[in-house]
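Work through the exercises below with the sequence and the model open. Each task is followed by a solution in steps.

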Amino acid sequence: MSIDWIKLLFTLLGLFIVLNYGLLQYGLIRRITARIGKRIGMPVYQPYIDLVKNYAMRSQITHGVMFYLGPVFRLVGGVGIFMFMPLIYGSYYWSNYSFAGDVILIMYFMFFGMLGMALGASEGGHPYSFIGISRGLSQFTTVEVPFTLAVIAVAVQHHSFSLTEIVAGQQGGIMHWNIMTNPFAGIAAMLAFLGMMMASPFNVVQAPQEIPIGPPTEYHGTYLGLLQTNRAILYVSESILMVNLFFGGATNWVELIVKSFCVFFWPVFVGLVFPRFRIDQSIPWFLKIPLILSIIGIFMV
Amino acid sequence: MEDKKTFIDPDLTKRTVIGPNGEDITVDPIQDYFCDALPKKHEPKRAKIFENFFNWARAESIWVLGFGTGCGSIELYPLLTPRFDAYRFGVQMRPTPRQANLMIISGYLSVKTLKRAIRSYEQMQNPKFVMALGSCTINGGMYFDSYNTINRLDKYMPVDVYVAGCMPRPEAILAGFEALKKRIKAGKAEGANLYAENFETYKANQKKIIRDWNMPDYNW
Amino acid sequence: MVSPVHIVSIGLITAFLLGLGKKSQQQMLVFVLMIATAAMTMVSGSWLIGLMTGSLKPTDVFTAGFKPPFAINLRMTMDEAVLTTMVNVFGFLTVIYLFDVLKKAGKHLLSIIVVFLIGLNVVVMTRDLFNLFVFLEITSIATAGLVIIIQDSKSISAGFKFLMASSVISGILLIGIIFAYSYVGNLNIDFMTNLSMVKGGAVAVFLVMTAIILESKQFPANGWALDMYESAHPAIGSALSAVSAPAILFVVYKLMPMVPENWHPVIGLLGLITFAFSNFLATRQENIRRMLGYSSVAQGGLMLTVVAMSVYFGQSFWFIILGFLLTNFFAKAGLFWLNGIVNSDDQNKWGILRKRPVLFFLFGVFVVAMAGLPPFPTFFAKWEMIMQLAQGNGWGWIVLILLGSIFEIAFLFKWFGRVFHAVKDQPAEPVIPWFKEFPVMLFGAGILATSYYFIKYQQFDNLFVLIPLLIVAAFVVIDFLPAFIKNILLIAALTFYGYIIYPEIKGNIMQLVFMSVFLVGGILTLIPGFATKGTRAGFYPFAAMTIFGLIMLVNPGDNLTFFMGWEQMALGSYILILRGKKAERPAQQYMLFSAGGAYLMLAAFGMLPHFAGDTFFGNLSGLIPGAGVVFVLFALGFMLKTAAIGLHIWLPGAYSEAEDDATPLVSGVLINAGVLGLFWIVTSFGPQQLFGYDIFQLMGWIGAITAIGGNMLAIYEEDMKRLIAYSSVGAMGYIIFALSMDSKLGLLIALYYMVLHFIYKTMLFMSAAGVIYRTKTRNMYEMGGLIKSMPWSFIVVLIGIITLAGMPPLAGFAGKWMFYNAVVMKGWYLQGTMVFFSGIVAFLYLYKLIASVFLGQLKDNHRRVKEAPFVYLLPQFIFVIAIMVLSIFPQVLLEPLATIIPDRVPGEAILWDGRLAMTSFGYWNAFAVMTTVIVMFATIFLWLTYHSRKAQKVKQFNIVFAAERPFRPETTHVSYNMFAGYKKALGWLMTPLATQFWTGISDWSTAIADKVRSWYTGNGQTYAMHLLLYAFVLYLLISGGKIL
Amino acid sequence: MEYLTLQNIGLVTGFMLMLIGLYGALTQKNILRIIVAFTIFDAGLNLVIVALSYIKGRVAPIIDQTTGVTNLSEKFVDPIPQALVLTSIVIGVGVTGVMLTFALRMFKTRHSLDINDFKQTKW
Amino acid sequence: MYKNMFIILLLAGFGLLLGSFLLTHHEYLSLPQLPAYYADNTAPEVGAANVVTAVVVTYRGFDTLGEVTILFVAASLIAMFLKHSKAPRHDRHPRPSSVILSTSQKLLFPLIVLFGAYVFANGHLTPGGGFQGGAIIATGFLLLLMANPQAEFKHGLLNAIESISGTSYVIIGILGAILGLGFLDNRFISLGQLGTLFSAGAIPVIYSLIGLKVGAELSNILHHLNEVQNEE
C-alpha cells in the first residue's frame, strides 16, 4: 500500500482548519454564553491565547510515564476521530482516512482518548481525578447506549456502516436528512450528544468547584495545551459526525461549518438553560427517554 | 521563645509497616511521599521576539487561582459579573493551582492560611504571579499587631502587584490586572524566578512564623 | 481342584476349632484365622482364575451326592467365583486390618468372623431357597455379633434394632419360602422359575423378593441398617457395605428368573429411589460413618436397579454391574477402613490423612471413584447404564440416577474438600500401624487396576486417552520431585504431545485451533510455576489431568471420549481450585455445578441417538422434532461451564480462590471447553425449536443478559481476581450471544473471541497473579501506585484491557466490528444493544482494575515491592506479542477461523481485499488504523516530549489537595466502592437473584433432607414397622392396588 | 364348611399368631415383651409350616412295621416341612437367645427396658 | 393410639395378604414329586427309617450344618457379649434352692442326659434327633443351674465337646465328599439294616455329634446367662 501523500497533506490541512475552527468556535460559544449572561465576554480569539500561554509555561512537573502519556492518548483519540471521518461528501481528498474504517471505528476510537486520559489522570494520584473519572465513565456508559442504537438505526436504514454511504443516502434536500426520515433516532442521538459533550446538565464529571475540574486537575502547561487542542478538534469532529449521521453531511466547507456549528450549539443552548444533574440522576435519565426514543427509532426502520 | 515546642505531625513521623512478605519497611513520609527537589530558576527565552510574544500571551490569558484568603475574596466575585466582567481582559478563574498563573492574596493572611497559600503558590507553575489586595497584605492594616496575621506579604512570597484599599473595589482590582499585564508584557514579572533565587530567605521567613512546618521545603 | 464346598468346611472347622483355643494363645488364634481366610481365598481365587483362563468349567456341587432338587446344591460359575473371591479376600484383609482388635478380643469373635464369611459364601453359592434362608440367618446373627465389637451403648442398641428388623425380614422370607414350597413342591431355585405362573404363586414370589429387597436395605425401610453403619466398627461397616450387600444383591439376581417380567421395573425403581434419596440425605450428614452408611445404601440401591433390570440391560449388564460392584467393593471398603485409621467421625479430624500423602491420595481415589468420575469403573458403568436406559426411553430413571449422582457428588466432595483443608491442629506424625495401612493400599491398587482394565476394555483411541492418562499417572508417581523438575517435565510432555498429535489433526483447522489453545495455554500457564518453591505436591498430576482432559475434548473418537475428557477436566480443575487457601467452599460449588452440567450432558448424550445419529458432531440440518430438548440439555451443560448468568455463581469464587498461578489455566484456558462444546452443538444442530420457540432466540437473550450481568457484577468487585472472573462471565455471555446468532459472522465472532479471550484473560490473570504474588493481597483497594515498581505488568494489563474493551487499534476491535455487522444483519437490535452496553460497562471495571492497582497512591507496605518474577512475565509477553500480531494482521486468525464454519450456516462472511475486511455493511482496515494511530501517537508524543523535556519528576503526595496535603496513601487512594454513583443509579440490576435462587435451593434441600431424615426416628420398633409398611405398599404397587 | 379343614385351621391359627406376634412386637414398649412377641410370631410361623405338611389321613414319615416299606409316598405326610420346621425352630432359638442377651446388655447400659430409650443413633 | 390403629390396619392388610394364600392354596391330595421321592427312596438310598431325619441329615444336610452353625454363632456371640461385662461381682447370697429341687436335680440330671443321648442316638429311627436330644441335655443343665445358681462350671469341657463334635461333624462331611458322592453324604459308611441302631450310614454319628454339640452350646448359653444374672 503506497501512501497517498497528497491526501495526507489534505488531511493535515483539514486538521489545521478544524483546529482553528474549533478554537474559534469555542471562543464564539464562550462569547455567546457571555452575552446571554449580559456580559461582554472574552475575545473570540481568547482560546488561541490560552493555548499559546499553556504551551509557553516554563516549568512542568510529571507524575510518571502514564501521566505523561495521558494527554497524548487523548489527542490521538481526538485526531483519530477526525482522521477516520469523511469531511466533505463527494470529495476524495477531503474524505481523510475514512478508508480505514467505518462509523464503528469512529465510535470506538472515542474510547481511546477517554481511556488514555483516565489512566493519565489517575497516575497523578489525585483523588478527585478518580472521582471525576468514575463519574465520567459511569455517565458515558449510558450515554453511548442510545447513541449506538441511533447509529445502528441509521446504518440499518442505509444498509451501511460507512459514513460516506450514509451521507450519500441523505442527499437531495432537507427532507432526506435522517433527522427527518428517522426523527426518533435523530432526537435520541441528539440527546445522547449532550452527554457526549459533557456540557451542563451533564458536566458533573468536571464539577469545577466540587472536585476541581475532575480528571485534569493535575494537568497544566503543555499537557493542558494538548488537552485544549484536543478539545477543539474533538468537539468539532463529534459535531461533524452528527452532521454526517443525521444532517445530510456536507458537500463543501461552508456547509460543513455552518451545520456543525448549529449542531454544536445545541448542547451549549441546553447547558445554558438547565442546571447540573447528579450522576445517579443522569444515568437513569439516559436509560429512559433517549433509550426509548432510540428503540422506537430502530424499529421505525 | 519559652513555649517554642516542636510540633510533631503524626502523619509525617517515621513509621514501620510490615511488607507483604513480612519484612519491615520504614517509611519516612517527608522523604518518601514528597519530592525534595528545590525550585530552579527558569531563564526567559533567548530570542526576544518569542519571549515578548509569550509574555503577551501570558498577560492576555491570566488564570486566577480561586483561593480566597481574607475578606477581600468577596470582592473577587463581582469581577465575574456583567458589571465588571473580568473575562474581557482574558482573566479566568481556575480551581486548581496547577493551571493557574495568578494568585490573589485577597486581604489579611493568617498564619494558618499563609501555610496553605505558600503551598498553593509553590504548586503553581512558572511563570506565576501574585497580586496582593488591601492594606493587610502591605503592612498588616488593621491587624498590624495581631498575633496571628502576617504584616508584609512580600517577606514570604514575591508580590507583583499590590492593590491598596481596605478593601479595594473591583474596579481597583481590574486596574491591578492592568498593572500586572503591563509588568508581564515588560518582562518584569519574574516572581517565580525571584522566589527560586531567594528561596532560602523566603523559606527562613516562612518558617520563622509558621511553627508547625509539617511539609517539605518546597511543595511541588 | 478343591471343591467350592471346602470353603465352607475349612471355615467351619476353623470356627469350631477356635473354640478349643485358650486365652493365652489369642495371637496364635488370630494367625490361625488369617491362615483359614487365606485358604478360603485361595479356594475361591483358584476357581476364579480357573474359570477366567478356561481351565475349569462352571460346576454344580451336589451335597450328599444327590442331584437337585433332591439335595441342596452349590454352584460355582464365574459370577459366584467373583463374589466369593471378593468375600474371602475381604475377609482375609479384615482379619489383618482388625489385628489389634482381634488380639484383644476373645476367640468367640474370631469364630463369628469366620462364620460370617461362610454365611456370605454359601448365600452366594447355594441354589436352594431354604438353604439360602438358613445362611442368611447365619449372616444376620454373625453381623449382630460383629456390630458389637465396640461394646458401647450405641452399637448395642443398633444391634438390637438390627435383630428386630432381621426377625421381621426373616419371617417374611420364611413365609414366602413355605408358600413357594407349597405351590411348586420343591425348594430349588432352578426348579421354581414357573412359580409366579402358578395360581397364587405370585404372592410367594412377592414375599421372598420383598424380604430380600428389604434385606438389601432399601430406602426408606432401612433405618436399622443406617444405625448399624453409624455405630459399628468401621471395619464391620466396610464388611456390610463391601461384601454383605453384594451378596444379598446376588441373591436378588439369582431369584430374578422367578420374578414376573412386569415387576422388574418396579424393583428397579425401588433401587433408584433408594439411590436418589439416600444420597440426598447423605448431603445433610455430618457424621462420617453414617454418611458412608447412606452412601453404601445408595450404592446398594443402584446395584439393585441394575440387577433388577438385568434382562433389560442384556449384554451390557455385566459391564455395568461390575463397574458398580467393584468400585463399591474397593472404594467403600477403603473409605471405611480409612475411617478406622482416622478413628473419628468428625470431618475435621480427617486432616490427619494430609500427613500421609499415600493414604490421602488413596482417599481421593476412593472418593472420586465413588463419585463416578473418570477414569474409574463407575464412570463407565454409569455411562453405559444411562445409554441403555435412554435407548428404552427411561427418562424418569435417568433423572433419578442423575439426581442421586449429583447428591452423591455433593456430599463426597464436601467431605473431600473439608479433609483437604483440615490440615491444621493435627498431630505431627500420626502413628498408623502397617496392618491398617496395608489393606487400604491393596484396595487402592485394586481399584486402580480395575480402572485400567475398564479403560482398556473401552478400546479408546490410545493417543487421546490412554497416553494422557499414563502421563497423569506418571506425574502421580513422581510427585515427590521438586516443583521445577516436574514443571519442566510437564511442559516437555505437553510439547512432545503436541509434536506427536500435530500430524493427526493437521487437516482439521478446528481441532488445530482448539488444540493449540489448550496446549499452548497449558504450556504457557505452567511457566509461572517455576517461581514456586518446594515440591508443590499434588499440583502437577491434576494440571496434567486438566490439560489432557481438554485435549480429549478436541478429538473425541466417540461420545464417551468427549464426556470422559469433560469429566476429567472437571476433576483436575476441581483439585487445582481446591488447592487455594480458602477454596473449600468455592471448589465445592464448582464441583457441584460442573457435575450438574456434566449430568445434563450425559442425559443429552443418551437422547442423542434418538434424534441425531450416534455421534456428537454429526451434521444435522433442518428442524428435527424433539432435538430441541437435546440441544437445550447440551447447551445448559456447556453454559454451566461458560457460566451463563444464573449458572455463574460458582465462577467468581472458584476462579478467585484457586491458587493464583493456577487461575489462568483454570479460567482462561478451561472456560474454552464450554465454548468448544457450544460451538459444536450450534454448528451440528443448527436452529432447533423447543415447544415451538426458536432456541437460538432464547440463547441470544441469555447471552445478552449474561454479558450485561457479568460485567455489571464485575464493577462492584473489590477483589482483583473476582473482578476478572466476573469479566469472564461477561465475555462468555458475549460468545454465547455470538454463537446464537447462527450466522457465519456470528460464529466467526465466537471463535475469534474465544481465542482472543483466551489470550487476554490468561494474560490478565497471570498479571494479577504476578501482582498478588508480590503484594500478597487480592483487594484492589489495598494496592495502588504499583506502576512504579511493576511497569511491565502494567503494560500487560494496559494492553489486556484495551483489547478487552475492543478499542482500536488493538485486536479486540475486530470482534466489536464484526459484532455490529452481525447484529445488524441478524436484526437483533435489542439484544445487540444489551451486549454493546455490557461492552461499555466493561470500561468501568477495566478502569478500576488498572487504576486501583497500578495508578494512584502507592501504599506503605508495598514500597519495596519488586516487579513480578520473570517467569510470570514471560508468558504474558508472549501473549502481548500475539495480540500485537493479531492487531496488525487480524486476517492471520480470521481467515482460518472462517474456514471452520460449515457451509450450512446462513449469512455472509467477511470478504478480504488485501488488508481490508468488508461486509455488505461496513469495512475496516486494521493495518491502516494501526499505522495511522502509531504515526499520530509518535508525532504527538515527540511534540510533548520536546515541550516537557525539563519536567520535574514529583512523588506521590505532590498533588494539589485544596491547599492541604494528603495524610496517608490509604486515605488518598480512591478505590473502594469506586462506582458508588453507578450503584445508586443502577444497583437494582444487581439484586443477586441467581445467588438467592441457588441459596434457596440449597436451603430448601437442606430443610427437606432434614424433614425426610426425621423418618429415621432411631426407634427399632418403628424401623420394624417401616419394614412391614414397605412390604405392604410394595404389594399394593405390584398388585395394582388390589389387596387380594 | 369345606374350608374348615384341619390344615386350614392350623394355617389360620398360625397366621393369627403371627399377626398377634407382630402386633406385640410393634406396639409393646418393653424390650422383653417385644422378644416374647417375636417368639409368638415364630411359633405362628412354625405352625403354618407344620400345617402345610399335613395331608388328611396320612401318617408321620417314619418307616416302621405299620407302614411297610413300599408305596410310602401314598402313606406319609410331607416330610419336608417337618424338616424345615426343625431348622426354623433352632434358628428361632438362636435368635431369641441373642436378642435376650442384647436386652440384658441394653438394660445394663441404660437401666431401662423401654425401647424408646435406645435412640442414640438416628437421622 | 393412632399409631396403634395404624399398626392394626397395617397388620390387617398384611393378614389379608396372608389370607390370599388360603384362597389359592389347596391341600395336597398326593405328595408332590420331591417329597414323594423322599418317601419312596429314603430307605434304599439313605437307609434311615425316619424320613424326616434322612431329609434333615442327608438330603438337606447342608441346612443342618447351617443350623448347627447358627447355634454355634449365637452361643459364641452370647459368650463374647456377656464375658465382656466385667462388672464387679456382688457377693450376693441368694436364697438356697429348695430341698426338693436340689434333691431331684441330683436324681434327675443323669437320667435327663441319658435320655437326651438316647434321643439323638436314635434320631434315624424315631421321632427325635440331635437337636431334640441336645435340647434335652440342656434342660438337664438348666435344672442344675436352677438348683445351684452359684455353681461354677468348667467351660473348658463344654467348649471342648462343642468344638470337637462340631469339627468331627464337618470332617465327616468332608469324608462324605471324599469317600462318598458328595459333601455330607452318609453312605460312605455302610447303610446297614433299615431300622437298626447301626444303620443309615453316618446319620447316627452325625446326629450324635449334633446332639452333643447342641447340648453343649445350649448349656453354655444358659450358663452365660446365669453368670450375668449372678453379677447383677
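**Exercise 1.** Which residue of β7(C) does Leu916(C) stand opposite?

*Solution.* Residues are numbered from 1 along each chain as its sequence is written, and chains are lettered from A, with ligands numbered from 1, in the order in which they are written. This is a predicted model, in which local features need pLDDT of at least 70, side-chain atom pairs count only at pLDDT 80 or more, and totals for chains, interfaces and linings use all residues.

Step 1. Find the strands; helices (H or I, at least four residues) and strands (E, at least two) are DSSP runs, numbered from the N terminus. Strand β6 of chain C covers residues 916-918.

Step 2. β6(C) and β7(C) pair in the antiparallel sense over three bridges; pairing requires that DSSP finds at least two bridges between the strands.

Step 3. In β7(C), the residue opposite Leu916(C) is Asn925(C).

**Exercise 2.** Describe how α3 and α9 of chain A pack.

*Solution.* Step 1. Two packed helices are described by the angle between their axes and the distance between the axes. Axes here are lines fitted to C-alpha atoms, for helices over the stretch in contact, and angles run from 0 to 180 degrees between N-to-C directions.

Step 1. The axes of α3 (residues 65-83) and α9 (residues 221-246) of chain A come within 8 Å and cross at roughly 20°. α3(A) is therefore roughly parallel to α9(A), a term for angles under 35 degrees.

Step 2. Residues are in contact if their C-beta atoms, placed from the backbone, lie within 7 Å. Among those making this contact are Leu75(A) and Phe82(A) of α3(A), and Leu227(A) and Ile233(A) of α9(A).

Step 3. By class, the contact residues are ten nonpolar, four polar and one charged. Ala, Val, Leu, Ile, Met, Phe, Trp, Tyr, Cys and Pro count as nonpolar, Asp, Glu, Lys and Arg as charged, and the others, Gly among them, as polar.

**Exercise 3.** How many residues do chain C and chain E bring to their contact?

*Solution.* Step 1. Chain C brings 52 residues and chain E brings 50 residues.

Step 1. On the side of chain C, α6(C) gives the most, with ten residues.

Step 2. That side has 35 nonpolar, 15 polar and two charged residues.

How values were computed. Two residues are in contact if their C-beta atoms, placed from the backbone, lie within 7 Å. Angles under 35 degrees count as roughly parallel, over 145 as roughly antiparallel, 65 to 115 as roughly perpendicular and the rest as oblique.
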